[in-house]
Each structure stands twice: as structure tokens, then as C-alpha cells.
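Here are some notes for your first reading of this entry. Keep the structure open and look up each residue as it comes up.

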Amino acid sequence: MKVLIVNDDGIDSAGIRILAERFRVGNDIMVVAPMRQRSGFSHSLTIDDDIFYEKRDFPYPAFAISGTPADCTKTGILYFNKGEPFDLVLSGINNGPNLGTDILYSGTVAAATEGALHSVPSIAVSLEKWNCDEMFYRQAADFLFENIDGFMRACAEFGGVLNINYPVVKPFCGIKFTASGINLYNDRYAEGSKSGSVRIVGQPTPHTLNSADCDVELIKKGYVTVTPLSSERNDTAALNTIKGMKIF
């Protein structure tokens with residue numbers, strides 16, 4: 001199987017190294033990742049500047065690029081790959097969760113979504129907490145490797161992305177296919193480290209908006225959460241409601 005591995009944490013991050021080590025067993029892999037940390041870039045693309053790249057001396061084809069996570073997938077599929085099409089895009093393993101509404105900002109999820117836009121089964125995988133011991137990355141990589149055939153069949157069924165988050169706080173106790181929940185933050189901006197700059201600061205805010213069976217809540221109990229995501233952005237119910245209104 002030919003696998004493109006991407007991320008948003010950068011080519012030197014533990015998550016992508018461990019994921020590549022696991023999936024190079026029996027597979028033909030390629031890594032394309034940002035030169036530096038690119039978390040929170042969502043689905044932005046480099047369209048008004050050159051994308052610079054460096055070939056890395058890894059035991060498999062690997063390229064570090066100056067672009068965004070979505071650029072990684074797009075250049076991997078359309079430029080760096082000179083042979084057969086990819087069978088799978090893997091994005092991660094992310095340093096930290098991509099749960100609930102955080103997926104709107106996630107470069108990890110966006111890099112996988114770009115793969116789905118090119119009709120390649122695509123999966124984003126993240127850890128529940130930040131800066132974990134490598135043991136947890138290896139557990140998540142093993143879990144994904146052992147279940148990849150089933151996850152690929154699920155991707156093929158609906159043509160979208162699977163967003164997987166692996167538990168860390170409590171031991172793995174099973175898999176739950178579930179919807180994404182809601183995250184709220186008390187964000188504000190404070191003075192930055194240099195004159196004329198600001199920096200966002202904030203912490204998660206407790207709330208009671210989530211059901212017990214969404215990704216945000218289930219991972220706290222030790223479940224791997226698997227959420228199917230689509231690039232379809234239409235709100236059909238809202239559209240039908242608005243069509244029936246006399247607005248003008």
C-alpha cells in the first residue's frame with residue numbers, strides 16, 4: 001500500500017516520526033511535513049508565494065516544506081509523487097487533541113481533508129493531551145496500524161475524513177464512532193513579546209452543552225473517538241427553513 005504521511009507539528013516532531021516508523025512496515029510511504037510548527041493553520045494554502053522544500057535523509061522519501069499542512073498533502077499528491085497514486089493519507093500523530101469545535105482550526109484535520117478532496121482515503125489522528133511520553137504515540141500508531149483496513153473501508157463508504165483521537169488520561173477501553181462536540185474558551189488578547197504585537201491567551205471554559213456520547217466527553221472515559229467528517233459545508237435544514245421564509 002502506498003501511504004502519504006503529513007502533519008502540522010513539523011517534520012521533526014515525534015508524532016510523524018513514530019507514525020512513519022510503524023507504517024513503513026509492509027508499505028511504501030512518503031512523508032511531507034512543514035519545516036516548522038504549523039498548528040492552527042486550518043485549511044489555508046500557499047497561493048501567493050513559492051513553497052520551498054528540502055529533501056530529508058530519512059529511510060524513506062521525506063520532504064520538509066515551507067508551506068501549510070494542507071500544502072503538504074497537495075504537494076505530496078500533485079508534485080512529489082512521481083509514481084502510482086496514494087492509497088491512503090495519514091495526518092498526525094498530533095501533539096494534542098483535535099476534538100469538538102477545535103477541528104475548525106486544526107491543521108492536522110485539514111491536511112487529511114485535502115487528501116479526501118483528491119479522492120484518497122484520509123485519516124487524522126491525535127493524542128488526547130499535549131507533550132506526552134513517546135509510549136502514547138507508539139500506542140496510537142499501533143492501534144491505527146492494526147485497524148487500518150477497517151478504517152479505510154469506512155472512509156471509502158462515505159468519501160470523507162475520519163478524525164481519530166487517542167485517549168491518554170485513562171487507559172484505552174474501546175472504540176466509539178461519534179459526533180464532534182463543542183469546546184468553549186475564555187479567549188482574549190494580551191500584549192506580545194515585542195512592541196506592536198499581541199498574543200492570544202485563554203483557557204477552556206466549562207459548559208453543559210455537550211451530550212455524553214460526543215467525542216469531547218467519550219475520550220475522557222478512555223475511548224478512542226472516531227468522527228467522520230465531510231467537506232460538504234451546506235446546512236440543508238437551515239437552507240430549507242430560509243427558503244420558506246419571507247425575508248424580502
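Is arginine 138 buried, partly exposed or exposed? Arginine 138 is partly exposed, as its relative accessible area is 35%. Please bear in mind throughout that the model is predicted.

1. Begin with arginine 138, whose side chain meets that of glutamate 21 in a salt bridge, at 3.3 Å from N to O. Arginine 138 belongs to helix α4 and glutamate 21 to helix α1, so this pair links distant parts of the chain, 117 residues apart. Glutamate 21 is partly exposed as well, with a relative accessible area of 35%.

2. Glutamate 134 and arginine 17 form a salt bridge in which the closest N and O atoms are 2.4 Å apart. Here too distant parts of the chain are linked: glutamate 134 is in helix α4 (residues 134–146), arginine 17 is in helix α1, and 117 residues separate them. Glutamate 134 counts as partly exposed at 31% relative accessibility, and arginine 17 counts as partly exposed at 30%. Taken together, Arg17, Glu21, Glu134 and Arg138 are linked in a network of salt bridges.

3. The structure holds nine salt bridges. One of them joins aspartate 12 to arginine 56, with the closest N and O atoms 3.0 Å apart. Aspartate 12 is exposed, its relative accessible area being 57%.

4. The buried side of α1. Which residues of α1 are buried? They are Gly15, Ile16, Ile18, Leu19, Ala20 and Phe23. What covers these buried residues includes the strands β1, β2 (28–34) and β5 (88–94), along with the helices α4 and α5 (148–158).

5. How α2 and α3 pack. The axes of helix α2 (residues 69–80) and helix α3 (residues 107–117) come within 7 Å and cross at roughly 25°. An angle under 35 degrees counts as roughly parallel, so α2 is roughly parallel to α3. The crossing of α2 past α3 is right-handed. On the α2 side the contact is made by Pro69, Ala70, Thr73, Lys74 and Ile77, and on the α3 side by Gly107, Ala111, Glu114 and Gly115. By type, the residues of this contact are four nonpolar, three polar and two charged.

6. Threonine 73. One residue of that contact deserves a separate look. Threonine 73 is located in helix α2. Is threonine 73 buried or exposed? Threonine 73 counts as buried, because its relative accessibility is 0% and the cut-off for buried is under 20%. Leaving aside residues up to four places away in sequence, threonine 73 touches Leu4, Val6, Val89, Ala111, Glu114 and Gly115.

7. Backbone points to check. Most residues other than glycine have a negative phi, and most peptide bonds are trans. Against that background, look at the peptide bond from glycine 92 to isoleucine 93, which is cis, with omega near -5°. Isoleucine 93 is in strand β5. Serine 119 is not a glycine, yet it has a positive phi of about 65°. Serine 119 sits in the loop between α3 and β6 (122–127) and counts as exposed at 67% relative accessibility. Asparagine 131, also not a glycine, has a positive phi of about 55°. Asparagine 131 is in the loop between β6 and α4 and is exposed, with a relative accessible area of 65%.

8. Serine 193. Where is serine 193 found? Serine 193 is in the loop between β9 (188–191) and β10 (198–201). Serine 193 is exposed, with a relative accessible area of 68%. The C-alpha atoms of serine 193 and threonine 108 are separated by 27 Å, and the two residues are 85 residues apart along the chain.

Technical notes:
Residues numbered from 1 in each chain as written. Predicted model: local features only at pLDDT ≥ 70, side-chain atom pairs only at ≥ 80, totals over all residues. Heavy atoms only, no water. Salt bridge = Lys/Arg side-chain N within 4 Å of Asp/Glu carboxyl O. Buried < 20%, exposed > 50% of the residue type's maximum accessible area, 1.4 Å probe, protein only. Helix = DSSP H or I, 4+ residues; strand = E, 2+ residues; numbered from the N terminus. Axes fitted to C-alpha atoms, helices over the stretch in contact; angles between N-to-C directions. Parallel < 35°, antiparallel > 145°, perpendicular 65-115°, else oblique. Left-handed = near helix turned anticlockwise from the far one by under 90°. Contact = heavy atoms within 4.5 Å. Nonpolar A, V, L, I, M, F, W, Y, C, P; charged D, E, K, R; others polar.
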